[in-house]
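Dear colleague,

Please find the structure below, handed over for your records. My notes on it follow.

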Amino acid sequence: MSEEQEQTYMTVGELAEKVGVTVRTIQYYDQENLLKPSAKGSRNQRLYTHKDEETLYKILCFKFMGLSLTEIRQSLAGFEATGEIKLLLEKKINDVEKEMSALMKRFATLKNLSETVKSDEIVNWQHYAHVIERFQDEGKYLWKLNCSFEENAYREQETEQRELAQLHTQKQKAVEQWHKLIADTIRLLHQNEPVSSSKSHDIARRYLAMESEVGAVNRKTNYHDFVIFDSAEKSSVYDSFHELRFEVNEFLQNAVKNYQETQGDKNHDRILDDNQPM
């Protein structure tokens, strides 16, 4: 290959700099048969085309979506239509929502276990295992986003446990609805959606419907396991989870407030219209 021909290609360093990855990353994808160079230069250097650049972007996108190297290798020849990509993204969104649900459930269990250990004078591993089993397997409690521990959430009396068991299906459904609401709220946050938009008002309506349903369960059982909102105050411990919790709570509160104000204005206008002389 002549030097003039080589000028139409990119070296591995040029490709890495253009895409924003390391040379070692591209070499690794070469070793894994994901991105082979289109040509070799006069000094045996790897040379890449703009089509190779597009393939590299495709690999990076697949990697972010959570595909394994084997899945990426099998997918490189496909996904040329937006419909295919949309289906893949919907699947991955569902996978992430399930992971979020599992993580929040695990976090809530650990917080509850931590409070249990604090109140114990001696170590009781059997009791700790029982606490974990209750929260992991029975899934009886709907925890608010910050997963704070409430002392009355764990009860040993058999009669009270039977009452809670009767509400198991209803509470499980509420947990799923809440996690879906959180995921949708995070999506709107990332899109910088105004709290006055129709999408934000839809989130507010869903939240208020959940709050109403949860309140009905509380009145029926006289329990207080279900708390969705807490005060939107930043935690003294700064980390990404607490920051996200604060942002979600703040967005929900503002969206609900804006929605309720809008509904109040509409009701006021309706009353004025009804009182107009015919």
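Is Ile-93 buried, partly exposed or exposed? Ile-93 is partly exposed, with a relative accessible area of 36% (buried means under 20%, exposed over 50%, and partly exposed in between, with a 1.4 Å probe and protein chains only).

This is a predicted model, in which local features need pLDDT of at least 70 and side-chain atom pairs count only at pLDDT 80 or more, while totals for chains, interfaces and linings use all residues. Residues are numbered from 1 along each chain as its sequence is written, and side-chain values use heavy atoms, with hydrogens and water left out.

Ile-93 belongs to helix H6 (residues 82-119); helices (H or I, at least four residues) and strands (E, at least two) are DSSP runs, numbered from the N terminus.

Thr-262 lies in helix H11 (residues 240-274) and is also partly exposed, at a relative accessible area of 25%. The side chain of Thr-262 reaches the backbone oxygen of Asn-258 at 2.8 Å. Thr-262 and Ser-196 are 66 residues apart along the chain, and their C-alpha atoms are separated by 8.7 Å.

There is also an open sheet of 3 strands, in the order S1-S3-S2, with antiparallel pairing (two strands pair if DSSP finds at least two bridges between them). Strands S1 (10-11) and S2 (39-40) stand at the edges with a single partner strand each, so one side of each is left without a neighbour in the sheet. S2 pairs with S3 (residues 46-48) over 2 bridges, and Ala-39 stands opposite Leu-47 in S3.

With kind regards

Conventions:
A polar contact is a pair of N or O atoms within 3.5 Å; within protein, one must be able to donate a hydrogen and the other to accept it, and residues adjacent in sequence count only if both atoms are side-chain atoms.
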